[in-house]
Amino acid sequence: MSELLEILKNLDWSPLIISVKTGIVATIISFFVGIHLAKRAMLYSKRKRAFVDGILSLPLVLPPTVAGFILLIIFSRRRVIGSFLFENFDISVVQTWLGCILAATVIALPLMYQNARAAFEQVDKNLIYAARTLGMSERKIFYKVVLPVAKPGIIAGAILCFARAMGEYGATSMLAGNIQGKTGTVSQTIAMVINDGDYMKAGIWVFIVLLISFAIIYFVNIITTKGKN
């Protein structure tokens, strides 16, 4: 017990802070981008929608390290995009917190998109038709009718998106690295301390992650079952 208290006393909380900040920013970006893409996808034909879904869902089926490698190739200073960003805007993605955000967003965005699209598809079409007969514009229908009805699914998607972004490991390791106090997230810290043989500290971090994960699942269940018996 004394050993545990000593570890807790000297524990560096920066990995948790970095993970939470990364999760929040990545979720905000994914929230708006995901809703926009889901809204656009609803207007496509089935064939075109299937193609768009396939592209946007790739990060879910690809190994995260593969997604991270692709991002690394794109945003490396030796490549066109990475060199352009650095030379013209002094923006560096590789081994920076921006890299953490980008990696987490790419991995988490498909969850937000799929949940938003599923929520939009469940909206009763009769409500939309009724709004049109009242002379409401498509933009107003979306914000006044579709979004309120789809709200539970969208919120659940945002929560799951945050969980995925906060726990991202593979792509983040490839793109941002594991720099303590800068890009070192909880997932990377767990892998590092296990590699060092410090199972006590790894267990503490695992317990913290379990608590956060349970809380996220609990809130998702509360939201998705709201109004049901």
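Me: Where is D90 found in this predicted model?
Reply: The model is predicted, and its helix α5 covers 80-89. D90 sits past that helix, in a stretch that leads on to α6. The place of D90 is therefore the loop between α5 and α6.

Me: Is D90 buried or exposed?
Reply: A residue counts as exposed when its relative accessible area is over 50%. D90 has a relative accessible area of 60%, so D90 is exposed.

Me: What is phi of D90 near?
Reply: D90 is a residue other than glycine, and its phi is a positive value. Phi of D90 is near 55°.

Me: How many helices does the protein chain have?
Reply: The chain has zero strands. Read along the sequence, its pattern is α-α-α-α-α-α-α-α-α-α-α. The number of helices is 11.

Me: What percentage of the 229 residues of the protein chain count as buried?
Reply: To count as buried, a residue needs a relative accessible area under 20%. The C-alpha trace of the chain spans about 70 × 50 × 30 Å along its principal axes. Of the 229 residues, the buried part is 38%.

Me: At what angle do the axes of helix α6 and helix α8 cross?
Reply: Two packed helices are described by the angle between their axes and the distance between the axes. Helix α6 covers residues 97-121 and helix α8 covers residues 138-166. Their axes come within 8 Å, and the crossing is right-handed. The angle is roughly 150°.

Me: How many nonpolar residues has the contact of α6 with α8?
Reply: On the α6 side the residues include A104, L111 and F120, and on the α8 side they include F142, G153 and R164. By class, three residues of the contact are polar and one is charged. The number of nonpolar residues is 17.

Me: How many aromatic pairs are there, and what is the angle between the planes of F31 and F32?
Reply: The count comes to six aromatic pairs. F31 and F32 form one that is edge-to-face, 5.2 Å centre to centre. The angle between their planes is 90°.

Me: Why is the pair of F120 and F142 edge-to-face?
Reply: The ring centres of F120 and F142 are 5.5 Å apart, which is within 6.5 Å, so the rings form a pair. Planes over 60 degrees apart count as edge-to-face. The pair is edge-to-face because its planes are at 70°.

Me: How many residues apart in sequence are the parts that the pair of F120 and F142 ties together?
Reply: F120 lies in helix α6 and F142 in helix α8, so the pair joins parts of two helices. F120 is buried at 5% relative accessibility, and F142 is buried at 8%. The parts are 22 residues apart.

Me: Which residue joins F120 and F142 in a cluster?
Reply: The cluster is linked by ring pairs. Besides F120 and F142, the residue in the cluster is Y143.

Me: Which residue lies over the face of F86?
Reply: K21 lies over the face of another ring, W97, at 5.1 Å from the ring centre. For F86, the distance from the ring centre is 3.8 Å. The residue over F86 is R77.

Me: Is S30 buried or exposed?
Reply: S30 is found in helix α2, residues 14-41. Leaving aside neighbours within four places in sequence, its contacts include T105, L109 and C161. Its relative accessible area is 0%, which is under 20%, so S30 is buried.

Terms used: Residues are numbered from 1 along each chain as its sequence is written. This is a predicted model: local features need pLDDT of at least 70, side-chain atom pairs count only at pLDDT 80 or more; totals for chains, interfaces and linings use all residues. Side-chain values use heavy atoms; hydrogens and water are left out. Helices (H or I, at least four residues) and strands (E, at least two) are DSSP runs, numbered from the N terminus. Buried means under 20% relative accessible area, exposed over 50%, partly exposed in between (1.4 Å probe, protein chains only). Contact means heavy atoms within 4.5 Å. Axes are lines fitted to C-alpha atoms, for helices over the stretch in contact, and angles run from 0 to 180 degrees between N-to-C directions. A crossing is left-handed if the near helix is turned anticlockwise from the far one by less than a right angle, and right-handed if clockwise. Ala, Val, Leu, Ile, Met, Phe, Trp, Tyr, Cys and Pro count as nonpolar, Asp, Glu, Lys and Arg as charged, and the others, Gly among them, as polar. Rings of Phe, Tyr and Trp (its six-membered ring) pair if their centres lie within 6.5 Å; planes under 30 degrees apart count as stacked, over 60 as edge-to-face and the rest as tilted. A charge sits over a ring if NZ of Lys or CZ of Arg is within 6 Å of the ring centre and within 35 degrees of the ring normal.
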